[in-house]
Amino acid sequence: MHARRSREKSPQRPWKLALTAIVASTLVGGPAVPALAAPPPQAGVDRTFDVEVVSTRADLVSGGDALVRIGVPRNVPPHQVKVHLDGRNLTSQFRPIGDGRTLLGLVDDLALGDNTLQIRSNGNGQGRPTADVTLVNHPAQGPVFSGPHIPLFCTASGSPWNLGPVDENCHVAAPRVTYQYRTTAGSFAALPDGPLPGNVATTTTIDGRTVPYVVRIERGTINRAVYEIALLHQPGTALPDPWTATDGWNERLVYTFGGACGIGYTQATSTGGVLDHGLLSRGYAVASSTFNVFANNCNDVTSAETAMMVKEHFIETYGVPAFTMGWGGSAGTMQQLLISNAYPGIIDGVIGQIGYPDERSTTVSGHECRFISQAASAAGLSTAQHTAVTGFASPNTCFGYQFFDGVDWPANCPSHVPAAQRYHPVTNPTGLRCAMADFISNVYGVDPATGFGRPIIPDTVGVQYGLQTLQAGTITPEQFVRLNEGIGGLDVQGNRTPQRTSADVDAIKVAYETGRVNQFDGGLRWTPIIETRGYTDPSGDFHDRFRSWTMRERIVAANGNADNHISITAAPGAAANTASTLALEGMETWLTARTALAAAQPELDDVTLTRLSRPEGLADGCIAANGDRITEALTLDPAAQCNQLFPLHRNPRVVAGGPTTSAVLKCQLTPLNRESYGVSFTDEQWQRLQAVFPGGVCDWSKPGVGQVPLADTWIRWSPEPQVRPVLPVTVTVQARCIAGRAYVAVQARNDHVAPVDIALETAYGERSFAGVAPGGNAFQQFATRVVALPTGTATVRVTGSLDGEAVTTAVIRGHAAVDCAV
């Protein structure tokens, strides 16, 4: 058994509190509850209690517990400090640490909502201080700041978790602990009961302690997700706790995040992974949860909330880490960046691999690849021309990106959602919609007319696909016109439309101001970032290197420099593994220095702390296949050494003339100018181009529509679902045959108590009816001019007055296919 070490006062800074911004009708705000008691006027005199909630923010406590540190002033003997929670005496739960003038205690049994923690000192000394701190407690199942719960299919009771029965929130009664050990052959195995097996390896942690390589894994449920925590610990020996340390844990936490992107509605069966040899062998504790894997839960707000809550539980159980590093590739990097920008302090440093800046501006490439691919053949593009229009290194890259856009198809539900519960416009119009806009509708908002989530992508209005290839002579003017004639768009049902479609401008604005489109203008102004990329562009991998540049350009645009961002590209294989190791060691050094500097010079701001503590020699560059490392600033210059080895490519929107930040979701428009192209269009081609762009083309010199700065960090949403007023209407849509031709018949009955205006809309025409009386009908048969009609939808918009408010309700109903030749 290894001796326990007394834990000194945590060197980390207290959680910084920010005001909650009111940025949309779905948000709730108000000042955050302060974690520190206000000092008296006499500056420089140690006469106040320094009270710090070290497990989380004082206003975001969850699960009924909070770890609190009390700094005792010199005019109070520590043994005379008394602590009460709403009248309950908790003094015995506070124990001295460090120099004895600091008390640390777990405040338990918090009621939901506000709780008052009172710190008093008995005795008759003059000027004895007092302090009152409000702790705001939230349920262990959440939500804390993410908004109303969505439907969830529980998995904790089944394989692979097997954690026992679950309640209505998918929570189990208690966590379970298992053990693995590292064998001398270099693999993990289940630890048997009894003495340690003879083939148990040992490992030496980064602080020089050699211990048996035995791993304790705790699994339970928090925020409706399954979490995992792993750290070195031998059964039968003392665990670390908030007051004492053990030799196995190096007092640093790594939080892991998983990739992909899925509309899950599931508790899921995988986390970001905690049984990681590269991390555990160095003594790091590792934590993650199922909601921190974007394949399970492509929602960075609930990912942030869950990481915060799991980390809170970790601190209350094992102690305060010196710092927390993020770890994860692809969308695992994406989550780290989004969380660090919008919810700074959950992780202190980002270590990412093959990542992206955010989900929405990346998924745009998936939609645009599909639009271009479907239009390329009719435009007469060769494979080489098609690839040039996309901007990627390989035609396979655009094929890969098309796996992204399925998250915007409402009927594209994963297999664990029962068929009877899935949305279908014909058979189940009130079913569960599996589109991103609906999955995160608490953030983007709900269309008050349809009740569907408001989509922020894709928007194709004004985008001239292939513009740079036209100007370079790679495609002809006729191919350019035909390509753009065939682009089309996507409707709210996820259906391709021949006309270009516009995203919801209000939702786009919310996406920018709440941080869903990452402009690196929140916590990423100071959070250290080291991102590495094994270079696979020529193979058609959609983890293309250009995404590193989009991160860099956004950072510089927001902050004027990139002092907190390191980007390293490497050849795939061993060189990429070397880059990941360099990133881990570099971040460890960076955050260790930053923590020490913060303790020594608490007056320094966060940006300065990060800049001054960045290790010398930690810089941009690349690693060749032979292991040679080149130190060189990240740049677009093709003559740069790293760009010679690992060329940067582009994406469809950049080839369309868009900014290399790839941060504009919807462009502002400018009139068509025939002279600006540098090529000659025939009059007929120019007329066709004007028909494609009746409102003009993108003016990329201007910010995007709705592109505003981040409104604030630590934004929260109301826990109550939005309630929308709805006008009652009964809608029927039917495809029918008349004289061998297909028609779409649409009928809407006014079930309201007052007259309403009704508009019937189909792909084959529209008709409006004014002042339809209560009980009256609006009806129209729309001729399609075809014999066989596929499945489709019709939209009925009803406008009237409800409780003195003007309301529009849209009802979308589907119709079956019909073949009038049969």
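Modeller: Helix 2 (residues 300–318) and helix 3 (residues 331–342) pack with their axes 9 Å apart, at an angle of about 75°. Axes here are lines fitted to C-alpha atoms, for helices over the stretch in contact, and angles run from 0 to 180 degrees between N-to-C directions. Helices are DSSP runs of H or I with at least four residues, and strands are runs of E with at least two, both numbered from the N terminus. Helix 2 and helix 3 are therefore roughly perpendicular to each other; angles under 35 degrees count as roughly parallel, over 145 as roughly antiparallel, 65 to 115 as roughly perpendicular and the rest as oblique.

The model is predicted: local features need pLDDT of at least 70 and side-chain atom pairs count only at pLDDT 80 or more, while totals for chains, interfaces and linings use all residues. Residues are numbered from 1 along each chain as its sequence is written, and side-chain values use heavy atoms, with hydrogens and water left out.

On the helix 2 side, Asp-300, Ser-303 and Ala-304 meet Gln-335, Leu-338 and Ile-339 of helix 3, where contact means heavy atoms within 4.5 Å. By class, this contact of helix 2 with helix 3 has three nonpolar, two polar and one charged residues. In that scheme Ala, Val, Leu, Ile, Met, Phe, Trp, Tyr, Cys and Pro count as nonpolar, Asp, Glu, Lys and Arg as charged, and the others, Gly among them, as polar.

The largest nonpolar core has 78 residues, of which Phe-145, Met-308, Phe-314, Tyr-343, Ile-346 and Ile-456 touch the most other members. Helix 2 supplies the largest share of this core, nine residues. A nonpolar core is a set of buried Ala, Val, Leu, Ile, Met, Phe, Trp, Tyr and Cys residues joined through side-chain atoms within 4.5 Å; buried means under 20% relative accessible area, exposed over 50% and partly exposed in between, with a 1.4 Å probe and protein chains only.
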